[in-house]
Amino acid sequence: MSNLHVPLDENELERLENILFEYGNDDSILSLSELDGFLTALISSPQPELPSHCIGWIWGGKEKQPVWRGEEEVADFYQLLFRFQNTIADCLISAPQNYEPLFMVNNLSDQEILIAEEWCFGYMKGVDHLNWPTVPESLESWFYAIELHGRESNFEFLSTLSLEEHQTTVADIAEAAVRLFQYNRFGLIDGVAAPVEPVTSTKIGRNTSCPCGSGKKYKNCCLH
């Protein structure tokens with residue numbers, strides 16, 4: 001196994017979160033839970049970006065990059081980040097049945113309460129940054145399972161739910177993330193290929209502009 005595919009241990013996870021908190025700002029990602037959701041959305045995007053192109057979003061924009069203490073600290077952060085991301089991707093690809101979002105947990109009561117909001121906010125940041133297209137109708141309810149906890153506009157509704165109802169909605173998020181990943185990256189719905197929408201062909205005139213965007217007439221471009 002490549003070193004960049006070795007999961008982080010507890011000390012490394014703590015080190016990664018400490019870096020996020022130390023160099024964070026009002027617009028940056030400050031917790032591992034939010035980072036986990038953000039990276040899951042990047043991995044699941046129908047138009048995935050190279051991790052190096054997305055680092056600026058972690059800090060709230062390219063203009064808000066940290067002033068690092070040295071190259072060693074930068075290298076340490078990048079290695080931790082890419083290993084963290086690769087662990088998520090490896091699970092979604094090879095063992096989706098074992099996938100679990102990294103939610104925060106409230107252990108102050110007798111019942112363990114999963115807190116999904118930070119993870120979902122991170123996921124929706126990734127969705128917004130990569131400008132995801134609308135999901136098909138068959139996946140709308142799964143997308144909403146994440147969006148419900150990832151948009152501040154939904155908090156008023158969430159406040160009307162009982163604890164049991166709230167936790168029931170949280171329980172749908174892991175499957176939602178897997179389904180969205182499988183559709184966006186592999187065109188799968190319920191494990192099978194999504195139906196292809198029929199394409200309506202339109203006759204293109206020989207002297208009209210070529211639809212490829214070259215600026216040439218169709219007869220002098222793609223008609224050849």
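**Exercise 1. The contact of α1 with α4**

Task: In this predicted model, which residues of α1 meet which residues of α4, and at what angle do the axes cross?

Solution. 
- Step 1. On the α1 side, the residues are Glu12, Leu13, Arg15, Leu16, Ile19 and Leu20.
- Step 2. Across from them, α4 supplies Asp76, Phe77, Leu80, Leu81, Arg83 and Phe84.
- Step 3. Sorted by class, this contact has eight nonpolar, no polar and four charged residues.
- Step 4. The axes of the two helices come within 10 Å and cross at roughly 115 degrees. The crossing of α1 and α4 is left-handed.

**Exercise 2. The contact of α5 with α6**

Task: Decide how α5 is oriented relative to α6, and list the residues where they meet.

Solution. 
- Step 1. The axes of α5 and α6 are 7 Å apart, and the packing angle is about 110 degrees.
- Step 2. Angles of 65 to 115 degrees count as roughly perpendicular, so α5 is roughly perpendicular to α6.
- Step 3. The handedness of the α5 and α6 crossing is left-handed.
- Step 4. From α5 come Glu117, Trp119, Cys120, Phe121, Tyr123, Met124 and Val127, which meet Phe143, Ile146, Glu147, His149 and Gly150 of α6.
- Step 5. By class, the contact of α5 with α6 holds eight nonpolar, two polar and two charged residues.

**Exercise 3. The nonpolar core**

Task: How many residues does the largest nonpolar core have, and which element gives the largest share?

Solution. 
- Step 1. The core has 49 residues, and those with the most contacts inside it are Leu35, Ile58, Trp119, Tyr123 and Ile146.
- Step 2. Two or more residues each are given by α1 (10-22), α2 (32-44), α3 (51-58), α4 (71-94), α5 (117-129), α6 (140-150) and α9 (173-186).
- Step 3. The largest share, eight residues, comes from α4.
- Step 4. Take Tyr123 as an example: beyond its neighbours within four places in sequence, Tyr123 is in contact with Gly37, Phe38, Thr40, Ala41, Ser44, Trp132, Ile146 and Leu180.
- Step 5. As background, nonpolar side chains in soluble globular proteins tend to be buried together.

**Exercise 4. A residue in α8**

Task: Is Glu164 buried or exposed, and how far in space is Glu164 from Ile113?

Solution. 
- Step 1. Glu164 belongs to helix α8, residues 163-171.
- Step 2. The relative accessibility of Glu164 is 65%. Exposed means over 50%, so Glu164 counts as exposed.
- Step 3. Glu164 and Ile113 are 51 residues apart in sequence, while their C-alpha atoms are 9.6 Å apart.

**Exercise 5. The whole chain**

Task: Which elements make up the chain, and in what order do they run?

Solution. 
- Step 1. The chain has nine helices and four strands.
- Step 2. From the N terminus on, the order is α-α-α-α-β-β-α-α-α-α-α-β-β.
- Step 3. Of its 224 residues, 38% count as buried.
- Step 4. Among contacts between residues at least 6 apart in sequence, 62% join residues at least 24 apart.

Terms used
Residues are numbered from 1 along each chain as its sequence is written. This is a predicted model: local features need pLDDT of at least 70, side-chain atom pairs count only at pLDDT 80 or more; totals for chains, interfaces and linings use all residues. Side-chain values use heavy atoms; hydrogens and water are left out. A nonpolar core is a set of buried Ala, Val, Leu, Ile, Met, Phe, Trp, Tyr and Cys residues joined through side-chain atoms within 4.5 Å. Buried means under 20% relative accessible area, exposed over 50%, partly exposed in between (1.4 Å probe, protein chains only). Contact means heavy atoms within 4.5 Å. Axes are lines fitted to C-alpha atoms, for helices over the stretch in contact, and angles run from 0 to 180 degrees between N-to-C directions. A crossing is left-handed if the near helix is turned anticlockwise from the far one by less than a right angle, and right-handed if clockwise. Ala, Val, Leu, Ile, Met, Phe, Trp, Tyr, Cys and Pro count as nonpolar, Asp, Glu, Lys and Arg as charged, and the others, Gly among them, as polar. Angles under 35 degrees count as roughly parallel, over 145 as roughly antiparallel, 65 to 115 as roughly perpendicular and the rest as oblique.
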